[in-house]
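Please read them with the coordinates open beside you.

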Amino acid sequence: MIQVQNLSHSVDLGTDKLSILQHVNLDIRKGESAAIVGRSGSGKTTLLGLLAGLDLPSSGTVKLDGHIISALSEDERASLRSQRVGFVFQSFQLLPTLSAIENVMLPIELAGLSNAKTQAENLLERVGLGERMQHTPRQLSGGEQQRVAIARAFAVEPKVLFADEPTGNLDTRTGEAITDLLMALNREQGTTLVMVTHDQQLADRCQRHFVIDAGVLHEHHAADAGVISA
């Protein structure tokens, strides 16, 4: 589903360049769950954006569902994301003036799919918000808002879901419930799940566990001792 070859990324500081990622190689298969763990500033969120086609690497290639992202135009990358990719963010990013069901219906309608209301209702029931569909984000708790965000992310049945610190703004108990939900949807729908997280326990629940440090990525294995933790 995701293939990365010799990816590097830097930003121009005018008189100098800041290297963020260095020679990253990564292969995530369809339906796998993978966590990318690293300290703040290690490059993990930058890597997630590159994997999703939100940005282009300075060198190397990212292939998403068979498409080399850098070979696509901006419109083609946007189309690829709308058809194959879902996002869950730490800050939820729900539209504040829309109800829960309207937030979930929106991507379905934008994709031109039918039965948006029925599909949104089914998803909100699935994430345990059947009684909260008409509430706006400010009427919902943080955990409930993240459940709406997850329902929205799965609304167009993405092939891959990218999650950036999905439990970062939640208390431990709520974060565990959100993790349970993401893992269940990963199993039930076969959606490839790629998460950036500081949460070591969340990372340990994924099938694959990568550690990034100073822009260098390596895979963590259970037998590894003393590997960097966030």
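1. A word on terms comes before the geometry: axes are lines fitted to C-alpha atoms, for helices over the stretch in contact, and the angles run from 0 to 180 degrees between N-to-C directions. This is a predicted model, and the points below should be read with that in mind.

2. The sheet is open and is built from six strands in the order 6-7-8-3-9-10, with mixed pairing. Strand 6 (85-89) and strand 10 (216-219) are the edge strands, and because each has a single partner strand, one side of each is left without a neighbour in the sheet. From one strand to the next, the twist averages 20°.

3. On the side of strand 6, five bridges join this strand to strand 7, and the two run parallel; within that pairing, G86 stands opposite L161 of strand 7. Strand 7 pairs in turn with strand 8, again in the parallel sense and over five bridges, and here F162 has V194 of strand 8 as its bridge partner, while D164 is partnered by V196 of strand 8. Between strand 7 and strand 8 the chain passes through helix 6, and this β-α-β crossover is right-handed.

4. Which strands pair with strand 3, and in which sense? With strand 8, strand 3 pairs in the parallel sense over five bridges, and A34 has V194 of strand 8 as its bridge partner.

5. Helix 2 (residues 74-84) lies across strand 6 and strand 7 (160-164), and it runs at about 80° to strand 6.

6. Are the residues of strand 7 buried or exposed? Five of its five residues are buried, and the burial extends to both faces, with V160, F162 and D164 on one side and L161 and A163 on the other. For strand 8 the count is six of six residues buried: T192, V194 and V196 point one way, L193, M195 and T197 point the other way, and all are buried.

7. Away from the strands themselves, S99 is placed in the loop between strand 6 and helix 3 (100-110). Its relative accessible area is 5%, and because buried means under 20%, S99 counts as buried. Leaving aside residues up to four places away in sequence, S99 touches M133, Q134, H135 and T136.

Key:
Residues numbered from 1 in each chain as written. Predicted model: local features only at pLDDT ≥ 70, side-chain atom pairs only at ≥ 80, totals over all residues. Heavy atoms only, no water. Pairing = 2+ DSSP bridges. Helix = DSSP H or I, 4+ residues; strand = E, 2+ residues; numbered from the N terminus. Contact = heavy atoms within 4.5 Å. Buried < 20%, exposed > 50% of the residue type's maximum accessible area, 1.4 Å probe, protein only. Right-handed = clockwise from strand over helix to strand, strands pointing away.
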